[in-house]
Amino acid sequence: MKFIHIADVHLGANPSSGSAYSANRGKEIWNSLTRVVKACKEEKADLLLIAGDLFHRQPLLRELKEVNDLFSILKETQVVLIAGNHDYLKRDSYYRNFEWAKNVHMILSSQISVVELPELSAAVYGLSYYSREITERLYDQAFPEKRQKYEILIAHGGDERHIPIHREKLRSLGYDYIALGHIHRPQDMDAGIGGAGWFPESRMAYSGALEPIDKNDTGAHGYILGELTQEKCRIRFVSCALREYVHLEVTAEKNMTNRGLKNRIREQIKALGAQNIYKVIVKGFHDPDILFDLTDMDTYGNIIDLVDKSEPAYDFKKLWAQNRGDLLGKYIESLMDYGEDSVEYLALCEGVQALMETRRG
């Protein structure tokens, strides 16, 4: 049996609202879900597992109708989903009474329950959130009932406020596969997902967010493609996100101007992909007479954050010769023999900067 596992799609999210690239970001997330449906058809997947947070907040009725219409085209694929902590089942949630297509099955129970799919010889277990936070360890005793040949658990959680998960207890439950959601970075809980190729004998994984939602959601995002046989389960991660969040370190040089720094940032972003979203950290050393204008560095309109951690590159020998008899000269003398890659050299830079600013004041 072949399956695709996704989680944390967060339809309705508008990441980094107000940024130059963010105007179409919400639509891009919907488009990623459409690509997953297309992948289900191309891979001839028997089952699509959605491990919570399909929506970023309470879904609107029209949004549920759009999603249902999208899933309904999967004539050969059964869809099973649960509600996570973002789209949890409020009293007036449209999830509660929504009439899904025949191939779509939502687990609405707050306790472990099961959807049986005899045509696939599969039973899928899970529960939905009824509040934003659940601190009980609800999966520790969620043993499969051996109803079908293939037994699968969909679980959403993994931190103290969202159903804490004990890895070894989950593994010992005896499921053929456990589809995890809530953690936004993909990871195989048995082998450590991240590379290419199949991971044999992997039975428990976070698919990660389908698209990065937050600037800390760095790295590749997508879905997990898996196969179950009588002998084993094997999975592989498939990257399909339109964009990635990238933390980019750019090194400034002692003679670099604003124009030079701007060109270096542009070149490095171009090399890594102008479609991605960047947090840029400027390091290295700069001319003490140059102040970098951080508001003028976003050449592609895709920098979400820009931090200058570069240090002023003073001529310490010249300053020491000019100030031998005062506090500045003595401070330089105590630290100027250390290399530029040492902690002492950084202390020298910061201390001299502070003393120079005090003197100017």
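The lining of the largest pocket has 6 nonpolar, no polar and 5 charged residues. In this scheme Ala, Val, Leu, Ile, Met, Phe, Trp, Tyr, Cys and Pro count as nonpolar, Asp, Glu, Lys and Arg as charged, and the others, Gly among them, as polar. The model is predicted: local features need pLDDT of at least 70, side-chain atom pairs count only at pLDDT 80 or more, and totals for chains, interfaces and linings use all residues. Residues are numbered from 1 along each chain as its sequence is written, and side-chain values use heavy atoms, with hydrogens and water left out.

The volume of the largest pocket is about 200 Å³. A pocket here is an open set of points on a 1 Å grid over the protein atoms alone, where a 1.4 Å probe fits, with protein on both sides within 12 Å along at least five of seven lines; lining residues have an atom within 4 Å of a point. Grid points are joined across faces, edges and corners, and the volume is the space filled by probe spheres set on them. Lys254, Asp315, Met336 and Tyr345 are among the lining residues. Helix 5 (316-322) and helix 7 (343-360) each supply at least two residues of the lining. Helices (H or I, at least four residues) and strands (E, at least two) are DSSP runs, numbered from the N terminus.

Tyrosine 345 sits in helix 7. Its relative accessibility is 7%, so tyrosine 345 counts as buried. Buried means under 20% relative accessible area, exposed over 50%, and partly exposed in between (1.4 Å probe, protein chains only). Beyond its neighbours within four places in sequence, tyrosine 345 is in contact (heavy atoms within 4.5 Å) with Phe285, Phe316, Tyr338, Gly339 and Glu340. The C-alpha atoms of tyrosine 345 and leucine 335 are separated by 6.7 Å, with the two residues 10 apart along the chain.

The expected span of a helix is 1.5 Å times one less than its number of residues.

| Helix | Residues in helix | End-to-end C-alpha distance | Expected span |
|---|---|---|---|
| Helix 2 | 12 residues | 16 Å | 16 Å |

In helix 4, Leu261, Ile265 and Ile269 are buried. Seen down the axis, these buried residues fall within an arc of 65 degrees, so they line one face of helix 4. The arc is that of the directions from the helix axis to the C-beta atoms. An α-helix has 3.6 residues a turn, so residues three or four places apart point the same way. The face turned away from the buried side carries the exposed residues Arg259, Glu267, Lys270 and Ala271. The buried residues of helix 4 pack against strand 14 (245-252), strand 15 (277-286) and strand 16 (303-308). Glycine 273 follows helix 4, with a positive phi near 125 degrees.

The buried residues in helix 2 are Glu63, Leu64, Val67, Asn68, Leu70 and Phe71. Their arc is 160 degrees seen down the axis, so they line one face of helix 2. Arg62 and Lys65 are exposed on the other side. Cover for the buried residues of helix 2 includes helix 1 (25-43), strand 2, strand 3 (78-82) and strand 4 (104-106).

Most residues other than glycine have a negative phi. Aspartate 53 has a positive phi, near 55 degrees. Aspartate 53 lies in the loop between strand 2 (47-51) and helix 2 (61-72), and is buried at 0% relative accessible area. Histidine 182 also has a positive phi, about 110 degrees. Its loop runs between strand 8 (177-181) and strand 9 (187-188). Histidine 182 counts as buried at 14% relative accessibility.
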